[in-house]
Amino acid sequence: MSAAPDQARIKLTGICPAARGAVLAELVRAHSAPVWLVIADELKTAEQLAEDVVFFHAAAPATPLSVLVFPESQPDTRDMREAFAASSDRLAVLSKLRALRTPSGAHLSLNSTLLIVSTPAALLQQVPALEAFAARELTLVRGEPLSFTGLLEQLRALDYDSEAVCESPGHYAIRGGIIDVYPVTATQPYRLDFFGHQL
(Lines give C-alpha, C1' and ligand atoms only; values in the text may rest on other atoms or scores of the structure.)
Protein backbone atom coordinates (compact mmCIF):
# COMPACT_ATOMS: atom_id res chain seq x y z
CA MET A 1 0.00 0.00 0.00
CA SER A 2 1.36 3.36 -1.00
CA ALA A 3 -0.17 6.76 -0.28
CA ALA A 4 0.19 9.99 -2.24
CA PRO A 5 1.94 12.84 -0.41
CA ASP A 6 -1.30 14.74 0.23
CA GLN A 7 -2.96 11.58 1.62
CA ALA A 8 -5.94 12.20 -0.72
CA ARG A 9 -5.30 9.12 -2.86
CA ILE A 10 -4.49 5.59 -1.84
CA LYS A 11 -3.30 2.94 -4.27
CA LEU A 12 -3.73 -0.70 -3.29
CA THR A 13 -2.31 -3.46 -5.44
CA GLY A 14 -2.08 -7.25 -5.25
CA ILE A 15 -5.41 -7.82 -3.50
CA CYS A 16 -6.85 -11.22 -4.36
CA PRO A 17 -10.50 -11.20 -5.55
CA ALA A 18 -11.75 -12.96 -2.42
CA ALA A 19 -10.36 -10.18 -0.18
CA ARG A 20 -11.63 -7.18 -2.18
CA GLY A 21 -14.93 -6.94 -0.28
CA ALA A 22 -13.14 -6.91 3.08
CA VAL A 23 -10.65 -4.28 1.91
CA LEU A 24 -13.41 -2.07 0.50
CA ALA A 25 -15.45 -2.34 3.69
CA GLU A 26 -12.41 -1.28 5.70
CA LEU A 27 -11.67 1.64 3.35
CA VAL A 28 -15.26 2.88 3.67
CA ARG A 29 -14.95 2.68 7.48
CA ALA A 30 -11.60 4.46 7.53
CA HIS A 31 -12.33 7.20 4.99
CA SER A 32 -15.79 8.70 5.34
CA ALA A 33 -17.51 10.03 2.22
CA PRO A 34 -21.19 10.37 1.34
CA VAL A 35 -20.83 8.39 -1.91
CA TRP A 36 -18.38 5.76 -3.10
CA LEU A 37 -18.27 4.51 -6.70
CA VAL A 38 -16.63 1.14 -7.31
CA ILE A 39 -16.05 -0.11 -10.85
CA ALA A 40 -15.99 -3.83 -11.65
CA ASP A 41 -15.25 -5.37 -15.02
CA GLU A 42 -18.58 -7.22 -15.35
CA LEU A 43 -21.99 -7.37 -13.66
CA LYS A 44 -21.47 -10.74 -11.97
CA THR A 45 -18.27 -9.44 -10.35
CA ALA A 46 -20.07 -6.22 -9.29
CA GLU A 47 -22.91 -8.17 -7.65
CA GLN A 48 -20.50 -10.46 -5.78
CA LEU A 49 -18.41 -7.51 -4.64
CA ALA A 50 -21.53 -5.71 -3.35
CA GLU A 51 -22.54 -8.81 -1.36
CA ASP A 52 -19.04 -9.13 0.09
CA VAL A 53 -18.90 -5.47 1.16
CA VAL A 54 -22.28 -5.80 2.92
CA PHE A 55 -21.07 -8.96 4.71
CA PHE A 56 -17.77 -7.50 5.90
CA HIS A 57 -19.29 -4.15 6.87
CA ALA A 58 -21.89 -5.94 9.02
CA ALA A 59 -19.09 -7.68 10.92
CA ALA A 60 -17.81 -4.35 12.26
CA PRO A 61 -20.37 -1.64 11.39
CA ALA A 62 -19.46 2.01 11.78
CA THR A 63 -21.70 4.48 9.94
CA PRO A 64 -24.75 3.06 8.15
CA LEU A 65 -23.84 1.78 4.71
CA SER A 66 -26.17 1.32 1.75
CA VAL A 67 -24.70 -0.79 -1.08
CA LEU A 68 -26.40 -0.73 -4.48
CA VAL A 69 -25.50 -2.24 -7.84
CA PHE A 70 -25.96 -0.04 -10.92
CA PRO A 71 -26.35 -2.54 -13.77
CA GLU A 72 -26.52 -2.06 -17.51
CA SER A 73 -30.00 -1.52 -18.92
CA GLN A 74 -31.09 -4.56 -20.89
CA PRO A 75 -32.12 -4.44 -24.56
CA ASP A 76 -35.75 -5.13 -25.39
CA THR A 77 -34.87 -8.46 -26.99
CA ARG A 78 -33.88 -10.03 -23.66
CA ASP A 79 -36.06 -11.54 -20.95
CA MET A 80 -38.64 -8.98 -19.77
CA ARG A 81 -38.17 -9.82 -16.07
CA GLU A 82 -34.41 -9.38 -16.33
CA ALA A 83 -34.85 -6.07 -18.18
CA PHE A 84 -37.38 -4.83 -15.60
CA ALA A 85 -35.10 -5.83 -12.69
CA ALA A 86 -32.15 -4.00 -14.26
CA SER A 87 -34.29 -0.92 -14.88
CA SER A 88 -35.54 -0.98 -11.27
CA ASP A 89 -31.99 -1.28 -9.91
CA ARG A 90 -30.85 1.64 -12.05
CA LEU A 91 -33.79 3.77 -10.87
CA ALA A 92 -33.04 2.91 -7.22
CA VAL A 93 -29.48 4.21 -7.58
CA LEU A 94 -30.60 7.36 -9.42
CA SER A 95 -33.26 7.99 -6.77
CA LYS A 96 -30.71 7.73 -3.95
CA LEU A 97 -28.29 10.05 -5.74
CA ARG A 98 -31.04 12.60 -6.44
CA ALA A 99 -32.11 12.50 -2.78
CA LEU A 100 -28.54 13.35 -1.73
CA ARG A 101 -28.74 16.55 -3.82
CA THR A 102 -31.67 17.89 -1.79
CA PRO A 103 -31.04 19.82 1.47
CA SER A 104 -32.60 17.05 3.60
CA GLY A 105 -30.66 14.38 1.72
CA ALA A 106 -27.38 16.24 2.12
CA HIS A 107 -28.02 16.31 5.87
CA LEU A 108 -28.67 12.55 5.91
CA SER A 109 -25.52 11.83 3.90
CA LEU A 110 -23.41 13.12 6.79
CA ASN A 111 -24.55 10.14 8.87
CA SER A 112 -24.52 7.43 6.20
CA THR A 113 -22.61 6.24 3.17
CA LEU A 114 -23.84 5.12 -0.22
CA LEU A 115 -21.59 2.69 -2.08
CA ILE A 116 -22.45 2.09 -5.74
CA VAL A 117 -20.89 -0.84 -7.61
CA SER A 118 -21.12 -0.65 -11.37
CA THR A 119 -19.43 -1.52 -14.66
CA PRO A 120 -17.94 0.77 -17.32
CA ALA A 121 -20.69 -0.23 -19.78
CA ALA A 122 -23.45 0.66 -17.29
CA LEU A 123 -21.92 4.07 -16.57
CA LEU A 124 -21.74 4.89 -20.28
CA GLN A 125 -25.48 4.32 -20.83
CA GLN A 126 -27.84 7.27 -20.81
CA VAL A 127 -29.97 8.12 -17.79
CA PRO A 128 -32.97 10.49 -17.57
CA ALA A 129 -32.31 14.17 -17.03
CA LEU A 130 -32.52 15.16 -13.37
CA GLU A 131 -35.62 17.32 -13.92
CA ALA A 132 -37.44 14.57 -15.84
CA PHE A 133 -36.52 12.00 -13.21
CA ALA A 134 -37.73 14.23 -10.36
CA ALA A 135 -41.03 14.87 -12.16
CA ARG A 136 -41.77 11.12 -12.33
CA GLU A 137 -40.75 10.34 -8.76
CA LEU A 138 -43.38 10.27 -6.02
CA THR A 139 -42.37 10.87 -2.40
CA LEU A 140 -44.82 10.10 0.43
CA VAL A 141 -44.39 11.44 3.96
CA ARG A 142 -46.22 10.05 6.99
CA GLY A 143 -48.72 12.48 8.46
CA GLU A 144 -48.94 14.72 5.40
CA PRO A 145 -52.31 15.29 3.71
CA LEU A 146 -52.82 12.99 0.71
CA SER A 147 -55.86 12.11 -1.33
CA PHE A 148 -56.57 8.36 -1.49
CA THR A 149 -58.01 8.59 -5.01
CA GLY A 150 -55.31 11.08 -6.01
CA LEU A 151 -52.61 8.60 -5.04
CA LEU A 152 -54.30 5.86 -7.07
CA GLU A 153 -54.39 8.18 -10.08
CA GLN A 154 -50.68 8.96 -9.65
CA LEU A 155 -49.82 5.24 -9.43
CA ARG A 156 -51.77 4.58 -12.62
CA ALA A 157 -50.02 7.52 -14.33
CA LEU A 158 -46.67 5.96 -13.34
CA ASP A 159 -47.79 2.67 -15.01
CA TYR A 160 -48.26 0.71 -11.78
CA ASP A 161 -50.59 -2.29 -12.13
CA SER A 162 -53.51 -2.96 -9.78
CA GLU A 163 -53.40 -6.57 -8.54
CA ALA A 164 -55.30 -8.63 -5.97
CA VAL A 165 -52.03 -9.19 -4.07
CA CYS A 166 -49.03 -6.84 -4.21
CA GLU A 167 -46.06 -9.17 -4.78
CA SER A 168 -43.85 -7.59 -7.44
CA PRO A 169 -42.29 -4.19 -8.13
CA GLY A 170 -44.64 -1.94 -10.07
CA HIS A 171 -47.80 -3.40 -8.49
CA TYR A 172 -50.31 -2.07 -5.97
CA ALA A 173 -53.34 -3.58 -4.21
CA ILE A 174 -56.30 -1.90 -2.50
CA ARG A 175 -58.01 -3.19 0.67
CA GLY A 176 -60.54 -0.74 2.09
CA GLY A 177 -58.58 2.33 3.24
CA ILE A 178 -55.23 0.56 2.76
CA ILE A 179 -52.99 0.60 -0.31
CA ASP A 180 -50.17 -1.91 -0.58
CA VAL A 181 -47.59 -0.64 -3.07
CA TYR A 182 -44.34 -2.18 -4.29
CA PRO A 183 -42.12 0.65 -5.58
CA VAL A 184 -39.90 -0.22 -8.54
CA THR A 185 -36.97 1.18 -6.56
CA ALA A 186 -37.60 -0.96 -3.43
CA THR A 187 -36.81 -4.49 -2.33
CA GLN A 188 -40.14 -4.97 -0.53
CA PRO A 189 -43.72 -3.67 -0.68
CA TYR A 190 -45.09 -1.02 1.68
CA ARG A 191 -48.51 -0.68 3.31
CA LEU A 192 -50.10 2.78 3.26
CA ASP A 193 -52.85 3.17 5.84
CA PHE A 194 -55.08 6.19 5.36
CA PHE A 195 -56.93 8.08 8.08
CA GLY A 196 -59.26 10.24 6.01
CA HIS A 197 -56.91 12.23 3.76
CA GLN A 198 -53.79 11.60 5.83
CA LEU A 199 -51.19 8.83 5.75
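Predicted model: local features only at pLDDT ≥ 70, side-chain atom pairs only at ≥ 80, totals over all residues.

Q: What makes Glu167 part of a negative surface patch?
A: The patch is formed by Glu167 together with Asp159, Asp161 and Glu163. Asp and Glu count as negative, and like charges are joined within 9 Å. A patch residue needs over 30% relative accessible area; Glu167, at 61%, passes because its value is over that limit.

Q: What makes Leu37 partly exposed?
A: Leu37 has a relative accessible area of 49%. Buried is under 20% and exposed is over 50%, with partly exposed in between, so Leu37 is partly exposed. Leu37 belongs to strand β3 (residues 35-39).

Q: Which residues form a nonpolar patch with Leu37, and with how much accessible area together?
A: Ile39 and Leu123 form the surface patch with Leu37, and together they have about 260 Å² of accessible area. Nonpolar side chains are joined within 5 Å.

Q: How do you know whether Ala59 is buried or exposed?
A: The relative accessibility of Ala59 is 63%. The cut-off for exposed is over 50%, so Ala59 counts as exposed. Ala59 is located in helix α2 (residues 43-59).

Q: Why is the pair of Glu137 and Arg98 called a salt bridge?
A: The closest N and O atoms of Glu137 and Arg98 are 2.6 Å apart. The limit is within 4 Å, so the pair qualifies as a salt bridge. The pair links distant parts of the chain, 39 residues apart: Glu137 is in the loop between α6 (130-135) and α7 (148-157), and Arg98 is in helix α3.

Q: What makes the contact of the Arg98 and Glu137 side chains a polar contact too?
A: The two side chains come to 2.6 Å.

Q: Why is Arg98 called buried?
A: Arg98 has a relative accessible area of 19%. Buried means under 20%, so Arg98 is buried. Its helix, α3, covers residues 80-101.

Q: How many salt bridges does the structure hold, and how do you know that Arg175 and Asp180 form one?
A: There are 4 salt bridges. The closest N and O atoms of Arg175 and Asp180 are 3.8 Å apart; the limit is within 4 Å, so the pair counts. Arg175 is partly exposed at 42%, whereas Asp180 is buried at 10%.

Q: What makes Arg175, Asp180 and Arg191 one network?
A: Arg191 and Asp180 also meet in a salt bridge, 2.7 Å from N to O. Arg191 lies in strand β9 (residues 190-193) and Asp180 in strand β8 (residues 178-182), so the pair ties together parts 11 residues apart in sequence. Salt bridges that share partners join the three residues into one network. Arg191, at 52% relative accessible area, is exposed.

Notes: Residues numbered from 1 in each chain as written. Heavy atoms only, no water. Areas by Shrake-Rupley, 256 points an atom, 1.4 Å probe, with all protein chains shown as cover. Salt bridge = Lys/Arg side-chain N within 4 Å of Asp/Glu carboxyl O. Charge placed at Lys NZ, Arg CZ, Asp CG, Glu CD. Buried < 20%, exposed > 50% of the residue type's maximum accessible area, 1.4 Å probe, protein only. Helix = DSSP H or I, 4+ residues; strand = E, 2+ residues; numbered from the N terminus. Polar contact = N/O pair within 3.5 Å; in protein donor to acceptor, adjacent residues only side chain to side chain.
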